[in-house]
Amino acid sequence: MRTRFFILAFIVLNTIVFSQAPGHLGKRFSIGYGFHTSPSVFNANGKNQTIIGRGGSAESGSPAFNAIHELNIEFAASSKWLTCFSARYYKTVYDNAESFNSSQVSGYSIQSSRPEGYYDVRGLTYTLYFKYFGKRYVAPWGRYVMFGPTVNTVKTTYDPSEMNIRAYKYNSSTGTSSDTTLAPFGAKEQDFVGVNLMLGIGRSRIYSNRIILDYGFNIHMFSVLSSLFDVTGNRIGGSPITPANYIESTVKQRIRGVNRFNLFLKIGVLLF
Amino acid sequence: MIKYFLLFVLVTGTCFAQQNLKENFVPLKSSGALPDVFTQNIRNVIKDDITELNKQKDNNKSLKKTYLTETNYEIEKIVKSGNTLINDEITTYLNKVVDVVLKNNQTLRNELHVYTLKSPVVNAYSYDKGYVFINVGLIAQAETEAQLAYILCHEICHYTKKHHINGYVDTKKIERNGYDGKNKNDVLIEKCQYSKEKESEADIEGFKLFEQTNYNLKQAEKSFDVLQYAHLPFELVEFKKSFFETENYVIPKGYFLKEVSSIRNNSNEDDTKHTHPNTAKRKVSIAELIGNRDNSNKVDYVLGKEQFEYIRDLARMELCRLYLKRRDYPNALYAAYILANKFPENQYVKEVIAKCLYAISLHGKGIIKYDYDSYLENGFPSYSDIESYPQQLYHFIGKMPTNEWTIMSLNYIYRLHQKYPSNKQIGAYSDSLLKLIGNTNWGITDFVRVKKKPLLRDTLLLDSINAKIETKSKTDLIANLQKENTVKIEDTVYYKDVFVDLFMNDTEFVSKFPSANSLNAQTNAGFSTYRSRSTSKSKNEELIKAQAKIEKVLLLEPFYLKVDDSKPEEFQYTESDERQEQFITTVNDCAKKLNFETVTLDPGLVTASEVDKVNDFSVINDWFAEKFDANDKDKNPIFNTNEIDNVIAKYGTQYVMKIGIVNYRSKTGIKRTYYYGFIYDIKDNDIVYKRYVVYRDKDSKDLINAKVYQTFHELKHSK
């Protein structure tokens with residue numbers, strides 16, 4: 001349903017302004033690949049490393065970057081506007097840097113409030129966005145600003161043998177405790193969806209009247225606004241993390257980190 | 001063979017088809033086959049020249065390579081400027097004179113390319129490659145064929161002595177070495193001294209060549225008088241007010257000086273900072289050479305006095321047009337006045353006078369303006385700066401109030417309109433002047449519409465008062481100024497009978513003449529229909545979007561200039577040339593992609609047989625030269641419009657596009673790229689499309705493609 005809505009919106013918006021579109025030498029439609037990267041600043045990196053070191057709950061000061069791959073289609077709707085659609089994919093892990101409230105696991109004596117191991121994160125972000133080219137430029141060539149709503153879909157998976165909680169189980173009949181591992185994190189595969197608003201500035205150049213080289217940066221507004229919470233470690237909403245909502249709570253933080261600020265370099269081909 | 005025969009017939013036919021100057025004058029045109037300079041690839045020419053230079057032993061190869069690059073482009077620029085005449089009557093005549101001068105030196109003759117340059121400046125130039133350019137202004141001033149011959153000899157010797165290339169090399173050396181321990185003034189003096197030596201050498205060597213001919217040697221000396229008095233008109237004729245008077249219109253004497261100033265003799269002026277020796281020195285040097293040489297049987301004319309005078313008259317007629325192009329209306333008026341004495345029925349001359357009168361009216365009304373971009377930077381010169389008879393005209397222009405000038409102009413122009421009713425321009429000027437009168441509502445009720453007794457008393461009264469204005473004591477001046485105030489009330493009387501015969505006999509005049517209450521809003525309607533456009537303007541961009549549907553444009557010499565301070569001078573020429581070629585292709589490709597029709601008018605892209613395109617380019621270029629003779633370019637009225645209609649009809653469009661790129665890179669790496677695309681309606685004198693953008697960027701292909709395509713797209717989709 002969501003996909004249908006995007007396609008419909010794309011067609012309608014372009015039809016309105018189709019007759020004014022010049023494109024580059026008449027070529028209006030392009031497809032491209034983009035690479036986004038962001039420096040890991042606030043516990044955004046999967047290994048909890050950070051480019052500025054000791055940020056948030058970072059354990060290491062090693063420089064680290066996130067990577068996102070993108071496929072996009074763009075259409076010069078007028079001499080100033082491009083209507084674009086992109087799908088960005090990223091694959092990362094969350095190495096369980098956050099602690100949960102240990103008191104929430106009854107019957108067990110928790111050895112560590114941080115789960116062992118990590119869980120995998122696969123994100124797919126759909127964005128319908130618009131590029132507005134500066135006064136002196138002609139879409140798709142020149143400097144532009146862009147904006148548009150994004151839908152972040154995330155799938156997380158974890159392996160209980162990797163991601164677990166070490167605990168002592170007390171045997172009342174023997175009066176002894178034994179080591180054990182727990183994985184009370186819900187289903188092994190979990191899906192999450194969120195929305196955001198993307199803003200960006202870029203510059204595109206065209207070579208041989210066919211190849212588009214596009215570079216700039218973008219931010220996700222809600223991720224930026226929530227930075228303060230992420231830095232201080234406070235959770236939005238304030239509800240405590242439990243093993244049951246551990247993935248849901250931490251993956252959102254992780255997604256915000258990935259999308260907060262990205263530099264990008266795209267290469268595209270003007271088709272027709 | 002047949003082709004060459006036809007070409008010969010065409011060229012010679014042009015030579016013999018003389019204009020009937022008693023009736024009219026058709027502006028000079030190039031004809032016949034275009035010379036190689038139009039068709040050859042300049043980069044190959046430069047390459048060949050440098051290869052030739054490399055074969056020689058020379059210590060100044062580096063400087064000479066730069067010279068060869070610069071000069072080849074400079075010559076190409078002059079020849080293709082639209083101002084150079086090829087195979088026209090004057091150029092053909094000049095070449096005949098050169099034939100006479102070099103009849104015993106055919107080798108040298110074959111090396112020379114002599115052309116006429118449409119410039120009012122009294123000057124001639126020669127280049128190292130045998131190109132000699134003689135300005136129309138010089139031909140108009142020459143007194144005899146022999147004088148022209150000597151001037152040509154002088155220029156030929158500049159070529160044979162390689163003054164141009166040696167001058168370039170030596171001047172550069174002076175500049176390079178000169179500033180060590182010297183101030184700029186000393187360097188300038190040194191350069192001028194060097195130049196004067198070369199000029200003196202050309203004078204002497206030119207004379208040696210000249211004396212081998214049958215021309216009167218004394219004319220060589222007299223030719224310096226032509227240069228000495230080049231600032232004066234080609235003839236000195238008393239300017240009489242009766243020229244503009246009619247039976248019922250007598251101009252008060254008070255507008256005229258009792259006597260004009262004498263001509264200053266500055267032949268022996270200080271020439272320390274001049275490139276040429278002063279004329280007194282030059283004359284002495286030639287007089288010494290003439291000495292006791294046998295000058296008997298020598299003549300002023302070899303080709304004939306009649307032919308010379310005809311050619312000179314052509315130059316003088318053309319000169320009027322060139323003055324108009326510069327918006328130098330007083331000079332054009334005086335030149336036309338002189339010609340009107342010789343050719344009283346010449347329609348062209350009358351038209352020039354009409355244009356000048358009308359233009360001066362518009363100037364008085366503030367419609368025509370001058371600024372720092374104008375040839376007449378400070379407007380019309382004051383009469384006190386003018387010598388001799390022309391001073392009378394400048395005084396007249398300065399003293400007569402604008403409204404009265406408008407009446408006088410209308411009187412002249414309307415009667416011309418009666419005589420040439422099919423001449424649309426004269427009709428338009430006449431209508432516009434009537435509207436000017438209507439607009440000011442000035443004196444409308446004063447005009448007498450039925451004939452009565454002559455107004456001798458009024459005229460005498462005004463004359464007697466004005467005559468006293470020349471007195472200089474302070475109290476007299478005050479008294480006169482007071483009287484002048486009274487005169488201003490009464491002075492409406494002297495012209496009130498001016499149109500009486502028209503009111504009585506000309507229904508068209510009566511119908512067009514404004515009534516007392518009909519205040520017209522438009523002052524110059526019917527002539528210059530400039531309309532204000534909504535302009536989007538910012539520091540880096542200016543845009544006027546086309547309001548009318550434009551389907552075809554004349555593409556006027558697409559322009560590309562690349563300036564890079566960090567690279568050698570010649571880079572600018574070659575790189576710009578290469579980029580210009582690519583740019584022309586880009587422009588045409590973009591137009592083609594959008595099915596937008598363009599016709600490129602570029603003297604750099606013509607074949608030898610396309611002389612018509614060169615002429616058409618020249619017509620349009622003249623139009624632009626006149627239009628751009630002020631900072632407020634969009635509003636300049638154009639007077640050189642006679643041939644524009646033919647160009648419009650020929651190409652089927654009234655829209656001319658000027659498009660170009662200028663790229664600059666400083667030594668520190670600062671980059672700027674300027675793009676402009678303008679479209680002018682040459683019929684209505686209007687700018688219909690304008691896009692001007694500045695980028696802090698290099699002139700990348702995507703930038704150029706995007707902007708050019710955008711321009712054509714906007715034109716294609718204009719409403």
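**Rings, strands and confidence**

Reply: In this predicted model, let us begin with a charge and a ring: the charged end of B:Lys690 sits over the ring of B:Phe678, 5.7 Å from the ring centre. A second case is B:Lys658, whose charged end lies over the ring of B:Phe624 at 4.5 Å from its centre.

Me: How is a pair of aromatic rings described?

Reply: Such a pair is described by the distance of the centres and the angle of the planes. Over all chains, the structure holds 63 aromatic pairs. In one of them, the ring centres of A:Phe29 and A:Phe272 are 5.0 Å apart and the planes meet at 10 degrees, so the pair is stacked.

Me: Is A:Phe29 buried or exposed, and is A:Phe272 buried or exposed?

Reply: A:Phe29 has 17% relative accessibility and therefore counts as buried. A:Phe272, at 57%, counts as exposed.

Me: Which residues do ring pairs link into a cluster?

Reply: The cluster is in chain B, and its members include B:Tyr249, B:Tyr255, B:Tyr414, B:Phe447 and B:Phe513.

Me: How do the strands of a sheet pair?

Reply: They pair through backbone hydrogen bonds, either parallel or antiparallel. In chain A, an open sheet of three strands has the order S4-S7-S8, with antiparallel pairing. Its edge strands, S4 (108-110) and S8 (176-182), each pair on one side only. Direction ignored, neighbouring strands of this sheet are turned by 35 degrees against each other on average. Seven bridges join strand S7 (residues 165-171) of chain A to S8(A), and A:Ile165 stands opposite A:Leu182.

Me: What joins strand S11 of chain B to S12(B)?

Reply: Nine bridges join S11 (residues 671-681) to S12(B), and the two strands run antiparallel. B:Asp681 faces B:Asp686 across this pairing. The hairpin has four residues between its strands, and B:Asn685 takes a positive phi near 50 degrees there. Strand S12 (residues 686-695) of chain B is mostly covered, with nine of its 10 residues buried.

Me: What pLDDT does chain B average, and where does it stay under 50?

Reply: Chain B averages 84, and 85% of the residues score at least 70. Values stay under 50 over residues 6-16 of chain B, for which the model has 10 contacts beyond four places in sequence. The pLDDT is also below 50 over residues 520-532 of chain B, a stretch with 32 contacts in the model beyond near neighbours in sequence.

Notes:
Residues numbered from 1 in each chain as written. Chains lettered and ligands numbered in written order. Predicted model: local features only at pLDDT ≥ 70, side-chain atom pairs only at ≥ 80, totals over all residues. Heavy atoms only, no water. Phe/Tyr/Trp six-rings, centres within 6.5 Å; stacked < 30°, edge-to-face > 60°. Buried < 20%, exposed > 50% of the residue type's maximum accessible area, 1.4 Å probe, protein only. Lys NZ or Arg CZ within 6 Å of the ring centre and 35° of its normal. pLDDT = per-residue confidence, 0-100. Contact = heavy atoms within 4.5 Å. Pairing = 2+ DSSP bridges. Axes fitted to C-alpha atoms, helices over the stretch in contact; angles between N-to-C directions.
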